[in-house]
Amino acid sequence: MKPLTKIAAGAAVASLAAIAFAAAASPSAVATTASTPATVVAKVTGPDAPSNTWAQWDVKATDLGIMWDDGSGHVLTAFGDTFGNSWTGPGGGAPPNGNWRSNVLLRSSDTDLSDGMLLDHAVQGPAGIAKQIIPSKKINGDEITVIPTSGISVGGRQYLGFMSVRQWGPPGVWDTNHAGIAYSDDDGETWTVSDTRWDNPDGHDPFQMQAYAQKGGTIYVFGTQNGRNGPASVAKVPAQKLLDKDSYRYWDGSAWSKDEAAAKPVMDAPMSEMSVQWDDYSKRFLMMTLSGEDIVLRTAQNPEGPWTPAQTVASSTDYPALYGGYFHPWNKNGEIYFTMSQWNPYNVYLMHLRIDRDGTIVDPNLVSDPSFERATSLGDGTNGTWGGKPNSGIDNAPAAGFTGDHRAFVRYNQGWRDIWQDVAVQPHTTYRLTGFLRTSVNSDAGYFGARSLDGTVISEAHFVSVGAWTRFTVTFDSGDRDAVQLYGGVWTNSGDIWMQLDDVALVRVP
């Protein structure tokens, strides 16, 4: 997959007809400056990922992360275009000998997602490398790749929805040949491509990217056109007949029709990369999707709607060139985990947010500019800015952050240097502070935590030399305070020492 604002190396120009249709039929994608309520939990793939997918299965760079329960106590996770050791980035271009696979499948048994999602198995080739599970020709203008879009398990059989991409075009535009379904009867180790497909001869078919959501014995199949500029439609099918196209019924605006051509949108454009699940906690369908340049959440009591207005989940201002937004199948009690991709550094992250019983996002991240993408320099720590003294700032060295393009740094050779931000809180409330940091090898006295505005430490984590990006967590009670100062820094009494900080979050503990 590609972001709205960048193009993969070697990407071809899409057909003029497809471009003209997208421009005429849909509004332009617009980046917003909305805040990001979701928080980064951990990296799922690539360098610095706890599962070490690079070393284990040569998954150095990949995207999407579409998850479903396999019915046997595992979560299967399908990734899109995947690259190995020779990948240098940014983005999803295939370098020479980059071990390009159009899709791979990894498995998780991790039931505690609060510290990330560990992957414990990959569908592998003879050398132990994660192998491509669905064939693709890799011929531009014919079939350049085959991308998974959804997965579900029914009666012990695994089903994987996919799109056959004919060619990539300008950002947000691509042409597909068809959407299809593959199935596996050995928990994803081997796959058969079925004859069930939705052809796309004119570029307008509304079910080229599909998302599955099951309620009872019915699977609701949500679909969008190829590219990121179309609306969303929905069909339903008995779970046991997912491969029988004659059993599909398409919402036509008033009833369920046998005729796919009668399908009417249930959600206005622009919609793409949908993930939908029935949520027992809120008694609603939850839909997460890329809409414009942000990932948003909508809810509805019925699959055909009416759907609520979009709630921003993750803003592209905080996470440039983000996409995806795929639910973890074991979400419960208002705790929502999902995967998010970023074009740079072309990998997948586990994210978290909370909703109430009405499906409204609650307890958002209170930190302004949590990923240091909104500013090019540090302020004074007030009015939503980060503060810092000389020898500190915002670093934008390519591909050096935990997420995105920027991260903060302090560097000094004598005394204390830190960065900080004042944040409003509720008195007598428990909060959890998290952030990702790393240091020079000679760091021996660093601290990350919360203090009163007068400098009195409330609670902090101590660290020394931190090699790879590592998540630190500090939990504290606000006491009688209505504001706290978050900080991270190092003592530098033994030579030139530096610290980098990224993706800071402060959330209320329910």
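Start by selecting asparagine 383, which sits in the loop between β22 (361-362) and β23 (387-388). The model on your screen is a predicted one, and in it this asparagine has a positive phi of about 55° although it is not a glycine. Most residues other than glycine have a negative phi. With a relative accessible area of 77%, asparagine 383 counts as exposed, because that value is over 50%.

Is histidine 428 buried or exposed? Histidine 428 is exposed, with a relative accessible area of 61%.

**Confidence along the chain**

Now colour the chain by pLDDT, for which the mean over the protein chain is 92, with 93% of the residues reaching 70 or more. Where pLDDT is low, the predicted coordinates should not be read in detail.

**Two cis peptide bonds**

Select alanine 269 and proline 270, which are joined by a cis peptide bond with omega of about 0°; proline 270 is found in strand β15. Then go to glycine 305 and proline 306, where the joining peptide bond is also cis and omega is about 10°. Proline 306 lies in the loop between β17 (294-300) and β18 (311-314). Most peptide bonds are trans.

**The largest pocket**

Select Tyr212, Gln214, Val276, Gln277 and Pro329 together, for these are the closest to the centre of the largest pocket among the 30 residues that line it. The volume of this pocket is about 630 Å³. To see which strands take part, highlight β2 (64-69), β6 (145-154), β10 (209-215), β15 (267-279) and β19 (322-327), each of which supplies at least two residues of the lining. If you colour the lining of the largest pocket by residue class, it divides into 15 nonpolar, eleven polar and four charged residues.

**The second largest pocket**

The second largest pocket holds about 330 Å³ of space. Of the 21 residues that line the second largest pocket, select Thr39, His352, Arg432, Arg471 and Val507, which are the closest to its centre. The elements giving two or more residues to this lining are β1 (39-43), β20 (335-342), β21 (347-355), β27 (430-439), β30 (470-477) and β32 (497-508). Which of these elements gives the largest share of the lining of the second largest pocket? The largest share comes from β32, with four residues. By class, the lining of the second largest pocket has ten nonpolar, five polar and six charged residues.

**A four-stranded sheet**

Return to β2, which belongs to an open sheet of four strands in the order β2-β3-β4-β5, with antiparallel pairing. β2 and β5 (121-122) stand at the edges and each has a single partner strand, so one side of each is left without a neighbour in the sheet. Five bridges hold the antiparallel pairing of β2 with strand β3 (residues 75-79), and to see one bridge partner pair, select tryptophan 68 together with leucine 76 in β3.

**Strand β31 and its partners**

Select strand β31 (residues 483-491), which is mostly covered, since eight of its nine residues are buried. Strand β26 (residues 416-424) pairs with β31 in the antiparallel sense over nine bridges; here aspartate 422 stands opposite glutamine 485 in β31. β28 also pairs with β31 in the antiparallel sense, over six bridges, and alanine 450 has leucine 486 in β31 as its bridge partner.

**Aspartate 444**

For the last stop, select aspartate 444, in the loop between β27 and β28 (446-451). Its relative accessible area is 41%, so aspartate 444 is partly exposed, which applies between 20% and 50%. Which residues is aspartate 444 in contact with, leaving aside its neighbours within four places in sequence? Show His462, Phe463, Val464, Trp491, Ser494 and Ile497, which are those contacts once the neighbours within four places in sequence are set aside. Finally, draw a distance from the C-alpha atom of aspartate 444 to that of serine 102: these two residues are 342 residues apart along the chain, and their C-alpha atoms are separated by 44 Å.

How values were computed. Residues are numbered from 1 along each chain as its sequence is written. This is a predicted model: local features need pLDDT of at least 70, side-chain atom pairs count only at pLDDT 80 or more; totals for chains, interfaces and linings use all residues. Side-chain values use heavy atoms; hydrogens and water are left out. pLDDT is the predictor's confidence in each residue, from 0 to 100. On a 1 Å grid over the protein atoms alone, a cavity is a set of points where a 1.4 Å probe fits but cannot get out, and a pocket is an open set with protein on both sides within 12 Å along at least five of seven lines; lining residues have an atom within 4 Å of a point. Grid points are joined across faces, edges and corners, and a volume is the space filled by probe spheres set on the points. Ala, Val, Leu, Ile, Met, Phe, Trp, Tyr, Cys and Pro count as nonpolar, Asp, Glu, Lys and Arg as charged, and the others, Gly among them, as polar. Two strands pair if DSSP finds at least two bridges between them. Buried means under 20% relative accessible area, exposed over 50%, partly exposed in between (1.4 Å probe, protein chains only). Contact means heavy atoms within 4.5 Å.
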